Amino acid sequence: MPKSVWLLIIGMLVNVTGSSFLWPLNTIYMHDHLGQSLSVAGLVLMANAAAGVVGNLLGGYLFDRYGGYKAIMFGIVVTILGLIGLTIWHGWPHYVWFLTLIGFSGGVVFPSMFAMVGTAWPEGGRRGFNAIYLAQNLGVAIGPALAGVVASYSFDYLFSANLLMYVVFFFIAFFGFRSMGEQSMGPTSVVSESKRVKDKSSFIALLIISSGFLFSWIAYSQWTTTISSYTQDLGISLKQYSLLWTVNGLLIVIGQPLINPIVKKLEHLMKAQLVLGISIYIVSFIVVSFAESFQMFMVAIIILTFGEMFVWPAIPTIASTLAPKGRDGFYQGVVNSAAMIGRMVGPFIGGVLADQLGMHIMFIVLTIFLAIAIVPYVMYDRPLKEKKTESL
């Protein structure tokens, strides 16, 4: 790989490590240290995710207009300013303001990072993007592990450590990304796409599968919100909870050889991959609903991770298959929007269910959501079959 791609990989690793310092512990901090209900914590995380959506759209625009280097530096600088504020003022409601700002600025950085990989190594194809995906998962593994250790001493140190990681990212970007080409084609988004969708059947199929993706993310998002707070109520330490995510990130990296034989056998059976993955998800939520010890939560997240490895890569693959020529970016934007909406509303839905009905009922409802997701995953191609039948 070119040196520029390696710099982007290192930058993404530091970026995700820094951003993942806070996200697994947000609900714990707001609930246990700031005295807020799980419902309120869910609303705050919804605001953080909504700001991230705006940041992603702006990041794509800035990349198109001013180039990746300037877009990334803008996002990093705003994030550093937000983290300085959070380090000094992390009470209520200051925590909400700065967390929302950080969600926005973090959203600015990500689309430019992905777009710069494509422009820095166009002949690399998927290899460059796979390397960035690997760096993301390593960051998710490292960040929560470090955060758990730091937070066990004091949450105050957590904000300072997070700030330090972004200062490191600033210097990597400042000295490493400046020489990269700034003007290039940016990522296509739903908002920037103005052409009408001509193939209605494929677009309807996309919307159907996106609905399943939405339900999947509503359930998955509970692991970083309501379930994280639930582990604290059971006396599981922050170090142990953070270790769960370390295992999740590492297992995604090292577990690929274990699932590759299955994926190859189901290569042309995408529905089977989705149903298998969601079925594994359901088993994971059944296990976690009975979990009262760290060991049981570890078993549950290991099961969840294997389900994730089947489902998450399959959705964009199907979207690409459904996309008419020249529409791949738009179709990917639709499924990504569904995932973001799931991350936005999931914490609030889970918080309300946990506060009003209890954790046991919440797990039952989430299991039902996952079962519902199987329906669009199985039925998404029906409009295509109907169109084929009409053309005969």
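Me: Where is Pro-93 found in this one?
Reply: In this predicted model, Pro-93 is found in the loop between α4 and α5, the latter covering residues 94–120.

Me: And which residue does a cis peptide bond join to Pro-93?
Reply: The partner is Trp-92, and the omega angle of the cis bond that joins Trp-92 and Pro-93 is about 10°.

Me: OK, stepping back, how many helices and strands does the chain come to?
Reply: The secondary structure of the protein chain comes to 16 helices and zero strands. Of its 392 residues, 54% are buried, and among contacts with a separation of 6 or more, 85% are between residues 24 or more positions apart.

Me: Back to α4 then, how do the axes of α4 and α7 cross?
Reply: Helix α4, residues 68–88, and helix α7, residues 155–176, have axes that come within 9 Å and cross at roughly 160°. The two helices are therefore roughly antiparallel to each other, an angle over 145 degrees being what counts as such.

Me: Is the crossing of α4 and α7 left-handed or right-handed?
Reply: The crossing in which α4 passes α7 is left-handed.

Me: Which residues of α4 and α7 meet there?
Reply: From α4 the residues include Tyr-69, Ile-72, Met-73, Ile-76, Ile-80 and Leu-83, and among those they meet in α7 are Phe-159, Leu-163, Tyr-166, Phe-170 and Phe-174. By class, the contact of α4 with α7 has 17 nonpolar, four polar and no charged residues.

Me: What about α10 and α13, what angle do they cross at?
Reply: Helix α10 (residues 238–254) and helix α13 (residues 294–322) cross at roughly 30°, and their axes come within 9 Å. With an angle under 35 degrees counting as roughly parallel, α10 and α13 are therefore roughly parallel to each other. In this pair, α10 passes α13 in a right-handed crossing.

Me: And what makes the contact between α10 and α13?
Reply: On the α10 side the contact includes Leu-243, Leu-244, Trp-245, Val-247 and Leu-251, while on the α13 side Phe-294, Phe-297, Ile-301, Glu-308 and Met-309 are among the residues involved. By class, this contact has 13 nonpolar, three polar and one charged residues.

Me: Changing topic: is Ser-284 buried or exposed?
Reply: Ser-284 is at 0% relative accessibility and therefore counts as buried, the cut-off being under 20%. Ser-284 is in helix α12, which runs over residues 270–290, and, if residues up to four places away in sequence are not counted, it touches Trp-223, Ala-300, Ile-303 and Leu-304.

Me: And Ser-202, which helix is that in?
Reply: Ser-202 lies in helix α8, residues 200–220, and with a relative accessible area of 2% Ser-202 is buried. Leaving aside neighbours within four places in sequence, Ser-202 is in contact with Leu-322, Pro-324, Tyr-331 and Leu-384.

Me: How far is Ser-202 from Asp-381?
Reply: The C-alpha atoms of Ser-202 and Asp-381 are separated by 8.0 Å, although these two residues are 179 residues apart along the chain.

Me: Last one, what span should helix α1 have?
Reply: Helix α1 has 17 residues, 3–19, so at 1.5 Å a residue it should span 24 Å, and its end C-alpha atoms are 24 Å apart, which agrees. The buried residues of α1 include Ser-4, Val-5, Leu-8, Ile-9, Met-12 and Val-16.

Conventions: Residues are numbered from 1 along each chain as its sequence is written. This is a predicted model: local features need pLDDT of at least 70, side-chain atom pairs count only at pLDDT 80 or more; totals for chains, interfaces and linings use all residues. Side-chain values use heavy atoms; hydrogens and water are left out. Axes are lines fitted to C-alpha atoms, for helices over the stretch in contact, and angles run from 0 to 180 degrees between N-to-C directions. Helices (H or I, at least four residues) and strands (E, at least two) are DSSP runs, numbered from the N terminus. Angles under 35 degrees count as roughly parallel, over 145 as roughly antiparallel, 65 to 115 as roughly perpendicular and the rest as oblique. A crossing is left-handed if the near helix is turned anticlockwise from the far one by less than a right angle, and right-handed if clockwise. Contact means heavy atoms within 4.5 Å. Ala, Val, Leu, Ile, Met, Phe, Trp, Tyr, Cys and Pro count as nonpolar, Asp, Glu, Lys and Arg as charged, and the others, Gly among them, as polar. The expected span of a helix is 1.5 Å times one less than its number of residues. Buried means under 20% relative accessible area, exposed over 50%, partly exposed in between (1.4 Å probe, protein chains only).
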